[in-house]
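Open the model in your viewer and keep the sequence panel beside it. Each stop below says what to select and what is there.

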Amino acid sequence: MEQNLRRMWAEDGIHPAEAVHDAATDAFVRHEITAPREVIKLEPETEAILEETGGKPGSLSAAVTEPGDIPLDVQPAQPPGSLSAAAHKAVETLFDVGRDIQMKLAPMARGSVESMATVKDYMNAMRRNAWDWSRIDTDIQTRFTPEQRARMWNAMDEESLSLRLGEPESARQHQGLATLTPEERAAVVELDTRQQIAWLRARDLGMVEGEGIAMHAPRVVVNIPKGLDGAGGDGMLSLTAIGYDLRSRTPFLKHRKHMEVEETEKAIREKVGMQMVMKLKDKAEIDAAVEKITVARDIRTVALATAQLEDAIAGRTLIENIKDVGKRTGEDVVAEGFKPAEGWFTIDHPSFKQWRPKFQEVDGKVEAVKDAAGNPVFEQVPIYVRGDFEGPLRAAMWGKSGAAYSGMMSLKGKTMSLIMNSPMIHNLVEFGRAMPAMPVRMMTLKTYFDGFRAKQNPAVMHEAIDAGLVPIGKRFFNQDITSVMETPDLTPGRSFTAKALAMVPGWFDEAAGTAVKRAIDKAGDFWHNTLLWDRIADLQAGLYVNFRSDLMAKGMDQQTAARIAAHFANRYAGALPKEAMSEAAIKVANFMLFSRSFTLGNLGVMKDMLTGLPKDVLAQIERDAGIRAGAIEGADVVAQEAAQSAKVIARRKAMMVVGLDVALMYVGNSILQSAFNVMLGQNDLGQEAHEYLRRFRDVLNDAQVHPLRLLNPFGVAERLSATEDNEPGRKDRILVGYAKDGTAIYARNPVGKIGEEFSGYFGSPIDMLRKKQGTIARPIGQLIFNDAGFGRKIYDPTADAPAKYAGNVWAIVKHLVGSQLPEGQITAFSDLVKGEGDSKVNAFQAFGPLAGVTFSKGAPGGPAVGEMYYAKSQHQFAVDQALPDIRKQIKRGDIDGAIGRMTELDIPQPLQRYYIKTTLNPALRMSPRAVRDFYLHATDEQKQRFERARQR
């Protein structure tokens with residue numbers, strides 16, 4: 001039967017669901033579905049003829065004569081164009097490889113205009129749901145205390161129970177919503193209105209049936225032991241899921257089994273207890289765990305359940321929109337329950353599952369399967385989608401991450417929160433990135449004020465998110481890893497700090513421990529969110545409304561302006577859409593980079609200089625233009641013009657921002673350095689002006705000798721800057737003073753960090769990427785090469801005793817742990833408290849980050865020593881590079897040539913003679929001095945082996 005349905009779909013275009021429906025009333029269709037396929041056998045004479053001709057039709061006029069073999073020496077020449085065809089095939093193969101790589105890194109870009117635009121709409125809807133949930137949850141927590149929220153949930157549950165029991169309104173005069181204050185009651189009614197609207201939307205999409213439950217208070221169970229009954233990492237489980245009698249196009253209803261909340265708690269405790277018994281847990285552990293399980297009596301659960309339903313609606317809407325694409329183009333793009341052809345695909349995701357009646361064949365008839373009660377039985381089948389949607393959909397819908405990856409990313413999130421302990425640093429960095437985009441409005445802080453107002457206006461934010469804005473959420477260092485806004489947590493004590501500090505008071509009084517957790521959470525929200533991420537979110541929203549207004553003022557329509565503005569706001573506030581990269585690429589980037597969104601966002605700005613807008617944003621603009629023109633397929637010119645105009649605008653904006661960021665970095669550093677030179681008494685204003693003229697003259701003189709150096713604008717800008725006189729490796733820093741021993745102290749300009757990064761990618765991209773290594777990849781790489789930087793070893797590679805092995809293990813653990821902490825800042829604070837080291841340097845390094853500035857030291861002894869070290873390292877590098885070839889010259893007997901090459905490298909003559917002698921006779925490396933040094937530090941065992949070796 002399945003083969004017949006497939007044949008009808010492939011040959012006749014009849015959908016299986018339509019065929020099964022018609023089979024109930026049409027005997028011919030029913031026979032077509034159920035009749036077995038007959039194999040047609042040929043007559044013996046016909047088979048004989050086909051065998052004689054090798055399966056080919058015989059000639060109607062004469063017998064067919066097979067051509068004979070042609071000798072190799074008379075083979076005909078290759079047909080014209082065969083070489084070009086081979087070259088074309090090779091090029092196509094390369095393009096196939098490129099397309100495969102693109103599919104693995106950025107699958108969104110592999111889709112068609114319609115598929116990219118449709119999936120982008122889905123992702124925007126998911127982000128809008130997350131933002132609404134975060135906004136509502138934050139408002140509830142701000143306006144109401146935990147006690148009020150519990151009372152509001154209890155009142156809502158009482159109201160719902162009374163309504164479901166059909167009690168008269170008079171029975172609710174002293175219970176339910178009547179017990180709340182006007183403000184509390186209004187909040188509950190607003191939350192219920194929102195969930196009822198979501199229910200109606202789900203019903204319109206065929207996801208649910210019925211009127212729903214009035215004043216439904218979802219029952220979310222918390223404190224479930226991890227790994228039991230589907231509990232997540234936070235030990236939370238929503239028993240009623242979305243809280244309604246949910247189905248997916250089926251009459252099967254999932255009713256709430258327990259009316260009273262106490263019944264729900266009792267049932268889940270019994271179930272969890274039984275599961276723990278099956279896992280062979282002891283009775284004391286089971287009793288302790290079960291006692292903590294409770295239903296979260298918190299009105300915030302209503303917003304949580306509504307958000308879950310809205311996410312499900314977004315998924316179903318995505319499928320419906322994909323179907324609409326097929327209707328507009330007249331082609332099938334969705335198949336339910338079967339795979340029409342190669343190239344079609346499905347995804348293991350709830351949105352790609354469909355419930356439908358199950359059929360069976362009985363006495364030659366197709367009938368619906370029913371249960372013992374006579375109700376139709378439904379089965380879940382996959383939904384297949386045409387191949388051009390595969391890339392975008394795989395970019396949007398991820399699978400579950402493994403425990404190892406989740407653990408590493410959890411560690412990384414906590415590490416980032418520790419290292420980014422100063423809100424000022426990142427605030428100033430983002431300020432510097434965005435300032436070139438709109439300098440005046442950034443300098444006057446108008447962008448921030450506009451953004452703050454926009455965030456208070458849900459209509460503006462909905463427009464922005466629907467246009468592609470990726471809103472900056474709470475504790476963005478977690479969003480940087482997951483690409484999803486951090487979801488509100490119903491249980492207090494989400495951070496390690498809160499759990500650790502609440503442990504001791506929790507031993508004596510559980511309520512005291514909970515109070516400590518809430519206090520730490522509140523302090524963390526103020527430090528990380530109010531001072532940092534809320535301000536970055538203000539910046540992002542302000543960039544959006546200002547960019548959109550500027551584009552509309554130039555005559556661009558509002559929708560296109562909103563899409564371009566959303567992209568700009570994401571770029572210059574440091575937010576990356578989840579669908580910009582594949583799941584695997586994001587995971588690799590999270591592992592390799594400290595901040596994926598920051599680093600790849602900067603690279604994205606540089607990419608925009610070449611390509612303009614990303615393909616998915618362009619796809620939406622083309623789709624919008626086509627719809628406005630009447631139909632996409634009939635509006636190629638309009639759509640292309642709209643896309644081209646958007647690309648040009650984005651390309652010019654990216655070029656301007658990168659150029660100004662780099663220029664501001666050099667100009668800002670130079671001005672600050674001149675100011676410090678005057679403040680430190682090294683120069684007065686006149687001398688500083690004279691130094692600028694001197695550096696300008698030096699550049700002109702050098703250009704006469706090396707004119708090609710003018711082609712490097714970064715080098716020219718560096719030589720003109722007041723930081724040119726800093727020691728090598730510190731020319732992008734500001735000299736702010738000296739330690740007691742003369743070592744220079746340098747400060748980093750946080751506003752110039754973006755320009756420093758852009759210029760670094762142009763000048764030394766490999767070194768720039770090395771600096772971007774994350775807190776996991778960097779220490780692992782250092783362990784592999786046993787190099788902590790500057791030639792320092794992490795562990796002893798020659799360990800040969802248990803004590804040394806143990807020392808190596810401790811050194812490795814210490815290195816890994818230290819890499820997860822702001823080690824330099826901690827060490828500086830410790831030295832400052834203990835009175836060790838230079839107090840000025842320690843104070844700068846310990847407290848400077850709190851003001852947004854980081855400090856470092858130059859070469860010990862001062863800038864002159866730094867110049868000497870740099871020259872020495874350059875010379876040593878040149879010698880090391882040339883020495884292998886010099887030794888080959890010596891072995892060939894070209895002693896004069898080797899001496900000439902060493903003289904060019906300024907190698908002293910004694911060292912030249914040493915290289916010649918040891919190359920011709922390597923045993924001479926064992927000089928009397930070398931032997932004397934060996935006996936000073938060698939062990940007795942090593943000395944004995946040495947003596948035996950010399951006697952061989």
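**Stop 1: helices α7 and α8**

Select Q148, R151, M152 and M156 in α7, then E184, A187, V188, D192 and Q195 in α8: these residues meet across the pair, a contact being heavy atoms within 4.5 Å. The model is predicted, so local features need pLDDT of at least 70 and side-chain atom pairs count only at pLDDT 80 or more, while totals for chains, interfaces and linings use all residues. Residues are numbered from 1 along each chain as its sequence is written, and side-chain values use heavy atoms, with hydrogens and water left out.

By class, the α7 and α8 contact has four nonpolar, two polar and three charged residues. Ala, Val, Leu, Ile, Met, Phe, Trp, Tyr, Cys and Pro count as nonpolar, Asp, Glu, Lys and Arg as charged, and the others, Gly among them, as polar. Show α7 as residues 146–164 and α8 as residues 182–204; their axes come within 10 Å and cross at roughly 60°. Axes are lines fitted to C-alpha atoms, for helices over the stretch in contact, and angles run from 0 to 180 degrees between N-to-C directions. The two helices are therefore oblique to each other. Angles under 35 degrees count as roughly parallel, over 145 as roughly antiparallel, 65 to 115 as roughly perpendicular and the rest as oblique.

Helices (H or I, at least four residues) and strands (E, at least two) are DSSP runs, numbered from the N terminus. The protein has 38 helices and eleven strands.

**Stop 2: helices α6 and α11**

Select residues 113–143 for α6 and residues 300–329 for α11: they pack at an angle of about 165°, with axes 10 Å apart. That makes α6 roughly antiparallel to α11. Their contact has 14 nonpolar, five polar and six charged residues.

**Stop 3: the nonpolar cores**

Which residues have the most contacts inside the largest nonpolar core? Select M442, L543, Y544, F547, I564, Y572 and L613; the core has 55 residues. Such a core is a set of buried Ala, Val, Leu, Ile, Met, Phe, Trp, Tyr and Cys residues joined through side-chain atoms within 4.5 Å. Buried means under 20% relative accessible area, exposed over 50% and partly exposed in between (1.4 Å probe, protein chains only). Helix α25 (residues 636–679) gives the largest share of this core, ten residues.

Now centre on L613. Leaving aside neighbours within four places in sequence, L613 is in contact with I564, H567, L618, I621, A646, K647 and A650. A second, separate core has 32 residues, including L180, V221, I224 and A307.

**Stop 4: N602**

Go to helix α23 (residues 596–611) and pick N602. Is N602 buried or exposed? N602 counts as buried, at 0% relative accessibility. Not counting residues up to four places away in sequence, N602 touches R433, I754, E757 and F758.

**Stop 5: two loop residues**

Select L445, in the loop between α15 (439–443) and α16 (446–455). Its phi is near 65°, a positive value in a residue other than glycine. L445 is partly exposed, with a relative accessible area of 38%.

Then select D906, in the loop between α35 (895–904) and α36 (909–920). D906 is not a glycine either, yet has a positive phi of about 60°. At 59% relative accessibility, D906 counts as exposed.
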